Amino acid sequence: MALFVAKRLVALVLTLLVASFLIYGSLYLAPGDPATQLAGGRATPEVLEQIRERYQLDEPFLTRYWDWLTNVLQGDLGQSFVYRQDVSSLLAPRVGNTVFLVLYAALLILGVGVTLGLASALRRRVGSVVTAATAIGMATPAFVAAIVLITVFAVNLGWFPVFGAGTGFLGRLWHLTLPAVALAFAWVAYVTQITKASVREELSREHVETARSRGIPPRLIVRRHVFRNALIPITTVAGLTVAGLIAGAVVVEQAFGISGLGSFLVQAASQKDFAVVQAIALLLVATFVIANAIVDLLNGLLDPRLRLTGSG
Amino acid sequence: MSTSSQACGKARTGRIRLWEIVVLVAVLVTLATVVAGCGGTEEAATTSPGTGSPGDTLQSTTPPADGLVDEITWNLGYGEPTTVDPLKAGDYGPCFIASQMHDTLVRYTPDWKLQPCIAESWDQVDDLTLVYTIRQDATFWDGSPVTVEDVVFSMKRHMDPKTGSIWAAFYSYVKSIEQTGDWEITVKFTKPDELFNKEMGTVGGAIVKKDYVKQVGEAKYGSGENVMGSGPYKMVSWKPGQEIVLEANPDYWDAELAPKVSRVKVTFISDTSTVTSAIMSGEIDGAYGIPQTNLAALEAAPGTIYFGPSLTVVEVVPTNGDTPMGDPKDPDVRTALSMAIDRQAIVDNVFSGKAVLNKTFTPPSAWDPEAIDVYQAAYDKIPGDAPDVEGAKALLEGKQGLDKPLVMALAAGNEEELRVSSIVQQAAKDIGITIKLKPLQAMDLANVFYVPEYRKGIDLVMTWGWLDIPDPLDYTSLFFGEGALFNWINYRNVEVEKTLDKARQTFDPVERANLFCEAQSTFTADTIVVPLVNPYQTLYMSDRISGAPCSFAYMWIPGLAMLGGTK
C-alpha cells in the first residue's frame, strides 16, 4: 500500500513536470502577441514595448519556463499579467465553485445513473423506457441542456437564478442546481447504460445461476454476487467521468455565468496568460492522476484478485 | 475463472497512462483556445470613423427618479475589466467603472456640455496657457482632501513613459504642468491645443490619490481592490471572475450627484443569451451596449431599452499599402468599394433602423454644435447616401491585380459584425472583387491592429471604434501623419496634415470647422477608410430604476450616481 502510494506520487510529480513543459511550450509557440490586449484601446509601439519588458514577454522560452518553474517550486504560482494579480488569489474563489459544481454533478450522475441502470437491468419494462430516455440524454449537449433549463426553470418559472455561483452552502446549492443538472445530463445516460450492461452481464454468470438454483433470495444475490462485481466497471467509468466533468464544466460555466476554473482556462488560454493557464492545467492533471489512483484503489478493495501492483 | 480475467481487463483499460493525461490536457488547452473565439465579445479597438445624425427616438438622458434603492445589479457585457486604473482603462467596461470611482478635472453632462468638477473653473489665459482653479471641498474615500499635488500628480502620470498610459497622446502638446497658487494649476503648451481641456473630461483627466498610488505601486494601482478615488462610488470588493461591489460614498462633495443606490453589484456576463435570460428574469437591472441582435428578445423584459447618440463608428480600414486596395496614392479601388455599398441596407437589415449611415471618417454626432451648419454643408456634398454600382465599376475599368481574393478580418463571434461584413462582401462581389472573411479572436484581432507582422495576408479590417469626445480632431491624430497608429497604408498628404494641425490649434469653433471640412473634402475623396454606419448607444434599465445617461458620455461620467428608484 505504501509502495503504491509512493509510486503514484512519483508518477504524479513526473506527469506534472512533463505536462507543464508541454503546455508552456505549446502556448509559447501558438501565434499571437498578448501584449496588445493588455494595452487596452490604444497600443502605441512604446506602450507595447513597456508591457513586453515588464512581463518579460521577449525572453527566450527556456528562460521563461525556468523562471516559472523555480517560482512554482517555491510556492509562487506567479502573476496573471492580464489582471496584474497573483494567480493564487485569482484561482482561490474559482476553485470552490468548480469543485462544488463537479461534485454536485458527480453525485447526480452516480446516484441517478446507477439507480436507473440497476432498475432497468432488473426490470425489463423499466428497461425499455430508460433506454429511450438515455438515448435522448446522451444526444443532448450540455449547452443545449443549459439553454432549456435556463428558459424553463429560471426565466419562466423563476425557481432558480440564471447566473452566478452564490455564496454559502445553501446559496451555492441553489445557484448551482441547474448548472449541475445541465452538466450531468449526458453523463447520467452514459452511466445508466454502463450499469445496465454490466449488471446484465453479471446476472447471466455461472455463479449467479448457481446461487439462484440453490434458492438464495434474489435480493441477496443482487447485492452480493451481481452488484459488487458490476461495480468494478462502474467505478472505472466514474473515474473517467470526473475528468470529463471538468472539461464539460467549461461549457456550463460559460452558459451560466459562473466564475470557475473552466471558463477561466478558456479565457486565459485565449489571452496567452501563461501563469494562469499553467496553474489551472496542472490542477487538472493532478485531479486526473489522483482520480485514477482512487479508482485503482477502489477496484482493489472491491475485488481482491486485482492486486495493487503500483503500476500506472 | 474467465470472470476474473475479464474484470481485470476492464479495470486495466480504465487506467489512464501518463502520456494520455498529458495529451488530454494539451487537447483541453487547445480546445479552450478555440472555444474562446466563439461568443468572444469583441472590444476591438479605438479606431475608426463613423456616422451620424438623425434623432428619431434618440435621447441623451433617461427620466430622472429619486427613490432610494438598496442594491442593483449592473452588467458589463464586454467582460470583466482587467483594471480600473483610469490610466490603463481603454475599453467600455474599465472606463465605465473607473468613472464611477474617480472624479475628472472637468466633467461632461450626458449631452456633452463641459462642467466644473475637480476644477471649479478654468481659464484659457492665452493660446499656450490654461489655468485651472481646484475646488477645496473634495475628499478621497479615506477622508483626506483632494490636493493640488494629487491633481498635478494624476496628470503628470500620463506623461511618464514608464506608466504605459494609453492616454498619453492627450498630453502630447503639453510643455509643463505646475502648481502656481494654493489652489491653482497652470498648464503650458508647446502648441495651442483646443482638444486638451475637452479631453480632461475623460478618464485621461481622472484624479487619483498620489500617496496611495505610491504606496501600492504604479503597476498595481487599479488591479483588484487597489483603488482610491474621490468619486461617488467606492470599491468594496472585487471577486475575480464574479463581481465588483461598489458602495455609495456618503461624503461625496457634489450634492447633485449624491448616490441614491446604496450598493451596485457589477457583473461581467458576456454570453449574450445568458445576459438576455438574466434581464428577463430580473436579475440584471441595467446594462449598456445591448447587442442589436438581442433587442427583439428583450421586448417583453421587465424594463425599458433606451437609444442614445453614440460616437461609435463601424468602418472598413485598409491594412496593406502594397495592394491595389490599400495603395496610398491611388484610392480608386477603395472608393469603388465604398460607392458600391448600400449603407441604408446595413442600417435597416442589421440594426433594424437603430443606426445612421455614415459617409465619412467621423460621424455627424461628433460635430461641434456651435458650427453645425459648416459641418452639415460639407457633409451634404459627400456622396454615399445610395449605392452607385455602375459608377464603381467604371472606376475599376482597367485596374490590375483585382482577380486575387481580398481578405477581410473581423471579430469572431460577433453576430452584428458578421452581418455587416456579408453586406460589404456582397457589394464587392457586385463590382467583381472577391472578399474572403476571416473571423479572429480578440487577441488575434488586437494583434492585427497593433503589430505590423500580423497584418500580412490581410487586406481589410472591419472595425468598431469610437471617438472619445464629440470632436472630429480627437480621431484624426490616429490616422494622419507618418507612423500614426492606424495609418497602416501610410497615406500621406502634407496639405491635409497641415490643415488638421492648424485646426487643432484653432479655438474658434467655426473657424476650426472650416479648416476640418477643408481637410475632410480631400481625405474623404481619398477614401482612407470605408465608412459604414454609426450605431445608436443602447441602454437597458429595469422598471425599478431610471436616470442613467444614455449618450456615449456614459463612459466618462458617474452615471450610477444619476440613478434613482422609480418607486
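**View 1. Charges of chain B.** The mean positions of the 46 positive and 74 negative charges of chain B are 7 Å apart. Lys and Arg count as positive and Asp and Glu as negative, while His and the chain ends are not counted. Each charge is placed at NZ of Lys, CZ of Arg, CG of Asp or CD of Glu. The model is predicted: local features need pLDDT of at least 70, side-chain atom pairs count only at pLDDT 80 or more, and totals for chains, interfaces and linings use all residues. Residues are numbered from 1 along each chain as its sequence is written, and chains are lettered from A in the order in which they are written.

**View 2. Fold of chain B.** Chain B holds 16 helices and 21 strands. These are DSSP runs (helices H or I, at least four residues; strands E, at least two). The radius of gyration of chain B is 25 Å, close to the 24 Å from the globule rule for 567 residues, so chain B is as compact as a globular protein of that length. The radius is taken over C-alpha atoms, and the rule is 2.2 Å times the number of residues to the power 0.38.

**View 3. Interior of chain B.** Of its 567 residues, 60% count as buried, meaning under 20% relative accessible area with a 1.4 Å probe, protein chains only.

**View 4. Domains of chain A.** Chain A is divided into domain 1 (2–73) and domain 2 (87–310), with bounds from an automatic or database domain assignment. Their C-alpha centres lie 32 Å apart. In contact (heavy atoms within 4.5 Å) are 20 residues of domain 1 of chain A and 20 residues of domain 2 of chain A.

Technical notes:
Side-chain values use heavy atoms; hydrogens and water are left out. Buried means under 20% relative accessible area, exposed over 50%, partly exposed in between (1.4 Å probe, protein chains only).
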